[in-house]
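Let's take a walk through a protein model together.

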Amino acid sequence: MEMDEKKALLEIEDLKVSFFTPVGEVKAVNGISYSLGYNEVMGIVGESGSGKSVEAYSIIGLLQNPGKVVGGTIKFEGENVLDYTEEQMRQFRGNKVSMIFQNPMTCLNPVYTVGNQLIEALMCHDKGYTRKAARKRAIEMLELVGINNAEKRIDQYPHEFSGGMRQRAMIAMALICEPKLLIADEPTTALDVTIQAQILELMKDLQKKKNTSIIFITHNLGVVAEICDRVSVMYAGHIIEQGDVDDVFYNPQHPYTRGLLSSTPRMDEVTKERLVPIEGTPIDLLNPPKGCNFGPRCKDCMKICLREKPPFVEVGEGHYSACWLHFKKQSGKEDAEA
Amino acid sequence: MSSEQNPLIKVENLRKYFPVKGTNPLQKKKYVQAVESVSFNIYRGETLGIVGESGCGKTTLGRTILRLYEPTSGKIIYDGAPIYDSEKKIAVKMLPYRRKMQIIFQDPSASLDPRMTVGEIVGEALDIHKLYSSKKERSERINELLDKVGLNTEHANRFPPEFSGGQQQRVGIARALAVDPEFIVCDEPISALDVSIQSQVVNMLEDLQAENHLTYLFIAHDISVVRHISNRIGVMYLGQMVELADSYELCSKPVHPYTRTLLSAVPLPDPIKSRSRQRILLEGEIPSPLNPPSGCRFHTRCPYATDRCREECPELREQSPGHFVACHL
């Protein structure tokens, strides 16, 4: 990875986000750290409620009440984003970081034409543009994301676009100010597989052309394998495994990652094997367990797992995992029972 | 599946059109051709998977077979007896058949009445078909069903919103099993669930099938899941069946250009394989079923389309034993 040579684009240190609900504090993100290099694609996988979207929303400052960042830092090119004033945040958002959302229909304004929304994004951030030049640039952007007949399409409303087209328009909107970081929150989940394939190809292509870093949030392991360089697996507010895609997919270290991989049916399996599911259900974040969050569902659960949280340790080059099993392998004593 | 065997369900030229509301009364009435001339058999004890993109008519097909939607025309034969035949004007009363044919819906929270307890939901089917002689028998049966789908018996007194998505889907499955059916339409039963819960439900469906000799029509858009659970797979495009074959044959030797595209679009959870493989990307989007293309419905996006494809609609022919394809090439 490049990130060692250059400074990292984004550094997150011990980020904690909580939701203060009437029934108690929900620690949606509970102390995660990672860094993202220039020109790198990081995948974040996890089930619903694992905190993957919340973490991304806090980077771009879109957390909604009752959510609050309660600890940690988010450094973007060395500056702590959490210290920004609202005005600085406005400049930061869209210009340096932008986001693509899951459902393009609810994220585009139905009463403005697609062109208007593109031009607005551009003129908000770059005062140098005249309306005419901005329109030209918007048409270029639409062409870049593969919308045919862009000159006509630009004056249409979102409802005149199909699902895949809308997602393309969203991508155009996100990239029009040439941000350094793009956060994609389940951008293909609402789409059909053939359209998903088109959008993934487009994103790979644009990433190469524009050298944008991407944080790609998804629950689909196949999509991660396709597009990401590195991957973080989240469970109940923690990153439990992180590493290069190849390491994580071919040599998964955490029982949860292994469980996810073995419970997914694969197109390339030769014999029909029974799926190995992860038993139980995700934990209740209002009453998290004392020890490892995955402990209650883990096949290899030991005594210590229920008592203490496991530390996040390096298990291979650039490959991290949080599990007590790694200590068992090293020392081979205590906690072998149960 | 041997073709000499008697099919449990035989569907012939089934059509379902939905009229479009709000069209000008002076103009010709418009219809969405959701299912257009679909014919196939489902054999006892098998799982037939149906895949296709959204809007291809797979859910409509499932519901029309159960006559939750009244078919527009065609024939449905259940175990040798016609339950619908538009030519002979047969449309039997469905109540006795509801004991044999059931459905599991996609969205568990939307398909369970939030104001009924789980016991009432599961027991309602028993009430309608009068499947018990005493109150005690009724509650025993409910407990037995909940146990079967991996829920506790005390869950019977709780309400659906108190459960997680996976548990709600289990309630939906228990309700379908209540009448001891032979045939269940599984309409995207797992797509609303989390990845780690999906495999639990898939395994449970497989176990229940083996225990109760069930026949499934398994509808889903996730091809890897359908391939895993099904014996045979049918691929639908714009209301028509374009290919139907044994599931491994279909995935390893797809014939129809649409099937090939669909398969190559499925992301593989394997970084090296997914980097190296060639993908067939389709141009454009699915045409509107209001105004489907002439001839082969796929010709507008097919890279191999010829003049014949534009004019003549290909029929579903048996290309090799058990492998049906609708393509001129």
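Setting aside its neighbours within four places in sequence, B:Arg170 is in contact with B:Val149, B:Gly150, B:Leu151, B:Gln200 and B:Met204 (contact means heavy atoms within 4.5 Å). This is a predicted model, where local features need pLDDT of at least 70, side-chain atom pairs count only at pLDDT 80 or more, and totals for chains, interfaces and linings use all residues. Residues are numbered from 1 along each chain as its sequence is written, chains are lettered from A and ligands numbered from 1 in the order in which they are written, and side-chain values use heavy atoms, leaving out hydrogens and water.

B:Arg170 sits in helix H6 (residues 165–177) of chain B; helices here are DSSP runs of H or I with at least four residues, strands are runs of E with at least two, and both are numbered from the N terminus. B:Arg170 is buried but has no salt bridge. Buried means under 20% relative accessible area, with a 1.4 Å probe and protein chains only, while a salt bridge puts a side-chain nitrogen of Lys or Arg within 4 Å of a carboxyl oxygen of Asp or Glu. The nearest side chain of opposite charge, A:Glu279, is 6.1 Å away (Lys and Arg count as positive, Asp and Glu as negative, and His and the chain ends are not counted).

Now hop over to chain A, which has 13 helices and 12 strands. Buried residues make up 52% of its 338 residues. In H4(A), the buried ones include A:Leu118 and A:Leu122, and the buried residues of H4(A) pack against helices H2 (86–95), H5 (131–144) and H7 (163–175) of chain A.

Conventions. Buried means under 20% relative accessible area, exposed over 50%, partly exposed in between (1.4 Å probe, protein chains only).
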